Amino acid sequence: MEIDRGELKFQARERMALTDPKFWVVALAYLAMTTGVSWVISLIPLPAGDASIIGSFFQLLLQLYTTVVGFGLCLWSLWTYRQLDPGLNSLMQGFSVAGRVVLMELGIFVRVLGWYFLIVMAMTIPFAAMILSQTYYLIGFAGTLLLATVLVVSLIALALRYAMAPYLLADRPDDGPTAPIYRSAALMRGWKMELFKLEFSFIGYDLINFLLSSLVLLALVGQAGLLNDVNILDPLWWTQVLSVIYSAPAVILSTLATVPINLRLIPYRSVARAGFYDARMMAASNGINRPEMPPL
């Protein structure tokens, strides 16, 4: 069974257009609440002695806060797809169940990390013989490339396995943080490739964002005079280029360049994913590839 991605994305665009406030206002508010807050925190002066400890503490708080706001975006997207007329306050609704959201995401992280570690251990031993082969260097290179591909694919598959957990928690928050994780794993059994195809269909937007960011960074590197005498083999040249790229002005300007695209991409991708969730739940309720849901 496949999901009609074209129809799903058409419905996402159609229902986004009906939102009040407009979807781009919600996306702008989301960016202000995440990226904007991150920039503000980065401007806070820290004591010289405890800078690393306090900085790590702020980064942890920021990560938890961003996770909860991201759950609020899931709520807005799900309500938008169901035409329930959500407002900007939906982005704040995640704070009412912040503890469950954080515990759910922590549970997902531990499971992904654990499964990935097992895959790495299982795959490294047979591939090590190929990679360390001194008889055929081509076999060693092919083994390295194949191992990297397997690990990347495994990580993507694990992420897709738990991709529906936030929507399941949004539908049934009283079930706690663990049930959505198991239900997502059951719901996505045999459907990971369909969700991957949906996510990959937005690659054009991502490429435009990458191009815009790259052009801004290239202009800043050129303004610093580092393109006048390019020497890619010189470590000092790379150090100077990276210092420009990772400077605060470069990060801010390259991020701002992607805002016009993200104002559409962020809600579009999220609402389409919510549509996938609803389509999958409908298919499950009709008995099509119905998963064995774990008991509560």
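Helices are taken here as DSSP runs of H or I that hold at least four residues, numbered from the N terminus. The structure described is a predicted model.

On this numbering, five helices each supply at least two residues of the lining of the largest pocket: helix 3 (51–81), helix 4 (98–131), helix 5 (137–161), helix 6 (165–171) and helix 8 (192–200). The pocket has a volume of about 850 Å³. Its lining comprises 28 residues, of which Glu 105, Ile 108, Tyr 162, Ala 163 and Pro 166 are the closest to the centre. Helix 3 accounts for the largest share of this lining, with eight residues. By class, the lining of the largest pocket consists of 21 nonpolar, four polar and three charged residues.

Helix 10, which spans residues 235–245, has three buried residues, namely Trp 237, Val 241 and Val 244. These residues are on the same side of helix 10, because the arc that they cover around the axis is only 60 degrees. In general, an α-helix has 3.6 residues a turn, so residues three or four places apart point the same way.

The loop between helix 9 and helix 10 contains Gly 225. This glycine counts as partly exposed because its relative accessibility is 30%, a value between the limits of 20% for buried and 50% for exposed residues. Gly 225 and Val 241 are 16 residues apart along the chain, and their C-alpha atoms are separated by 9.9 Å.

Ten salt bridges are found in a search of the whole structure. One of the pairs, Asp 171 and Arg 82, meets through its side chains with an N to O distance of 2.8 Å. Asp 171 belongs to helix 6, whereas Arg 82 lies in the loop between helix 3 and helix 4, so this pair ties together parts that are 89 residues apart in sequence. Both partners have intermediate accessibility: Asp 171 is partly exposed at 32% relative accessibility, and Arg 82 is partly exposed with a relative accessible area of 31%.

A further salt bridge joins Asp 175 to Arg 183, with the closest N and O atoms 2.6 Å apart. Here the partners fall into separate accessibility classes. Asp 175, with a relative accessible area of 23%, is partly exposed, whereas Arg 183, at 8%, is buried.

Glu 199 and Arg 269 form another salt bridge between their side chains (3.6 Å, N to O). This pair links distant parts of the chain, with Glu 199 in helix 8 and Arg 269 in helix 12 (residues 259–285), 70 residues apart. Glu 199 and Arg 269 are both buried. The two residues also belong to one network, in which salt bridges that share partners join Glu 199, Asp 206, Arg 269 and Arg 273. Helix 8, which holds Glu 199, is also among the helices that supply at least two residues of the lining of the largest pocket. Helix 6, in which Asp 171 lies, likewise supplies at least two residues of that lining.

Methods: Residues are numbered from 1 along each chain as its sequence is written. This is a predicted model: local features need pLDDT of at least 70, side-chain atom pairs count only at pLDDT 80 or more; totals for chains, interfaces and linings use all residues. Side-chain values use heavy atoms; hydrogens and water are left out. On a 1 Å grid over the protein atoms alone, a cavity is a set of points where a 1.4 Å probe fits but cannot get out, and a pocket is an open set with protein on both sides within 12 Å along at least five of seven lines; lining residues have an atom within 4 Å of a point. Grid points are joined across faces, edges and corners, and a volume is the space filled by probe spheres set on the points. Ala, Val, Leu, Ile, Met, Phe, Trp, Tyr, Cys and Pro count as nonpolar, Asp, Glu, Lys and Arg as charged, and the others, Gly among them, as polar. Buried means under 20% relative accessible area, exposed over 50%, partly exposed in between (1.4 Å probe, protein chains only). The arc is that of the directions from the helix axis to the C-beta atoms. A salt bridge is a side-chain nitrogen of Lys or Arg within 4 Å of a carboxyl oxygen of Asp or Glu.
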